[in-house]
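Keep the structure open beside you as you read.

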Amino acid sequence: MDFEGKVVIVTGSASGIGRATAGLFARHGASVVVADVDGSAAEKAAGELGGRSIGCKVDVSKDSEVRTMVELVADSFGRIDVLVNNAGFGFRGNVVSIAEDDWDRLMSVNLKGVFLCSKHVIPVMAKQGGGAIVNTGSYTAGIGIADRAAYVASKGGVVSLTRAMALDHAADGIRVNCVAPGTIHSPYFDKMFAQAADPAAMKKELDDRAPVHRMGRPEEIAEAIVWLASDKASFAVGSTLTVDGGTSIW
Ligand SMILES: NC(=O)c1ccc[n+]([C@@H]2O[C@H](COP(=O)([O-])OP(=O)(O)OC[C@H]3O[C@@H](n4cnc5c(N)ncnc54)[C@H](O)[C@@H]3O)[C@@H](O)[C@H]2O)c1
């Protein structure tokens, strides 16, 4: 897969799946924009990638910040070939226990963030003759999972929005696809382990969600994202690629 001369924006790429994805794109020759609400971590990650990669502080839920980032990237690099809408987070709760403000905040990042970044990037891609967008969904959108109502709903929206955008923009040469990761050992889970009464028991429970009895690695999701963004996936349009160690078929 050759991304030499290509410009790639990965949101939420100061950590976890996004960080691994940014690294893999850079190793394939891309100039990567490490876009994250944690500006200093984004700068640090971009510095580690080297080459023409840059860090950019952006909250994907804020239209003005997203517009400014896209203008900066288009002006600096002259093009945007790939957008990975990866920024997201989750928390526990069902529809009775979740507070309205928490629901709104999660939806504004996990779902509205995909809308806003795509809204501003697609015209740039269309003008240059095409591009690829990969959204990070979740295996939970396909099967449901207890005590994560807002998160599962947001990722269901991401899968549906992937299909809608794929149809709307195929004629512009823009392919839109989604990766649905299983349970991946990212720093998000390190924080949860640190807070757990019994971290080892929690880790085992998460490992045992999959028939392979382990959590996935961020690098294993990065491989799928980079493939979907590459010319090798030229006939993948509106698809959701599940990479979950078999959790959703178990
Ligand atoms: N880890 C898993 O098991 C798993 C499973 C399925 C899907 N996912 C999805 O993968 C994506 C990445 O998750 P991760 O596990 O690598 O998490 P992570 O917490 O390690 O990384 C998420 C990154 O997103 C950034 N971010 C959060 N809100 C943002 C905002 N408003 N604007 C810009 N950046 C923001 C954070 O600063 C962080 O750097 C998320 O969309 C998540 O829902 C994760």
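Start with Val32. Skipping its neighbours within four places in sequence, Val32 is in contact with Val8, Val10, Ala22, Phe25, Ala26, Leu49 and Ser53. Keep in mind that this is a predicted model.

**The core**

Some of those names come up again when you look at the nonpolar core. The largest one has 65 residues, and those with the most contacts inside it are Val8, Ile9, Phe25, Val32, Val34 and Ile225. Helix α10, residues 218-229, gives the most to this core, with seven residues. In soluble globular proteins, nonpolar side chains tend to be buried together.

**The sheet**

Now for the strands. In what order do the seven strands of the open sheet come? The order is β3-β2-β1-β4-β5-β6-β7, and the pairing is parallel. At the edges stand β3 (54-57) and β7 (240-243), each with a single partner strand, so one side of each has no neighbour in the sheet. From one strand to the next, the twist averages 20°. As for what holds such an arrangement together, strands of a sheet pair through backbone hydrogen bonds, either parallel or antiparallel.

Here are some of the strand pairs, with the number of bridges for each.

| Strand pair | Sense | Bridges |
|---|---|---|
| β1 and β2 | parallel | five bridges |
| β2 (31-36) and β3 | parallel | four bridges |
| β4 (82-85) and β5 | parallel | four bridges |
| β5 and β6 (174-181) | parallel | six bridges |

Is β1 largely enclosed or left open? Five of the five residues of β1 are buried, so the rest of the structure largely encloses this strand. Both of its faces are covered: Val7, Ile9 and Thr11 sit on one side, Val8 and Val10 on the other, and all are buried.

Strand β5, residues 131-136, is mostly covered as well, with six of its six residues buried. Gly131, Ile133 and Asn135 point one way from β5, while Ala132, Val134 and Thr136 point the other way.

**Helices across the sheet**

Helix α1 lies across β1 (7-11), β2, β4, β5 and β6, and runs at about 170° to β1. Helix α7, residues 149-169, lies across β5, β6 and β7, at about 165° to β6.

**Around the ligand**

How many residues surround the ligand? There are 28, and the closest are Gly12, Ser15, Gly16, Gly88 and Ser186. Helices α1 (16-27) and α8 (187-195) each supply at least two residues of this shell. The largest share, three residues, comes from α1, the helix that also lies across β1. Sorted by class, the shell has twelve nonpolar, 13 polar and three charged residues.

**Out towards the exposed residues**

Asp147 is in the loop between α6 (140-143) and α7. Asp147 has a positive phi of about 65° although it is not a glycine. Is Asp147 buried or exposed? With 12 C-beta neighbours inside 10 Å, Asp147 counts as exposed.

His213 has a positive phi too, of about 55°, and is not a glycine either. You'll find His213 in the loop between α9 and α10. His213 is exposed, with 10 other C-beta atoms within 10 Å.

The loop between α9 (199-207) and α10 also holds Asp208. Asp208 is partly exposed, because 15 other C-beta atoms lie within 10 Å. From Asp208 to Val152 is 56 residues in sequence and 20 Å in space, C-alpha to C-alpha.

Arg67, in helix α3 (residues 63-77), is partly exposed, with 15 other C-beta atoms within 10 Å. Arg67 and Met125 are 58 residues apart along the chain, and their C-alpha atoms are separated by 14 Å.

Definitions and conventions
Residues are numbered from 1 along each chain as its sequence is written. This is a predicted model: local features need pLDDT of at least 70, side-chain atom pairs count only at pLDDT 80 or more; totals for chains, interfaces and linings use all residues. A nonpolar core is a set of buried Ala, Val, Leu, Ile, Met, Phe, Trp, Tyr and Cys residues joined through C-beta atoms within 7 Å. A residue is buried if 20 or more other C-beta atoms lie within 10 Å of its own, exposed if 12 or fewer, and partly exposed in between; C-beta atoms are placed from the backbone. Two residues are in contact if their C-beta atoms, placed from the backbone, lie within 7 Å. Two strands pair if DSSP finds at least two bridges between them. A residue is near a molecule or strand if its C-beta atom, placed from the backbone, lies within 6 Å of it. Ala, Val, Leu, Ile, Met, Phe, Trp, Tyr, Cys and Pro count as nonpolar, Asp, Glu, Lys and Arg as charged, and the others, Gly among them, as polar. Axes are lines fitted to C-alpha atoms, for helices over the stretch in contact, and angles run from 0 to 180 degrees between N-to-C directions.
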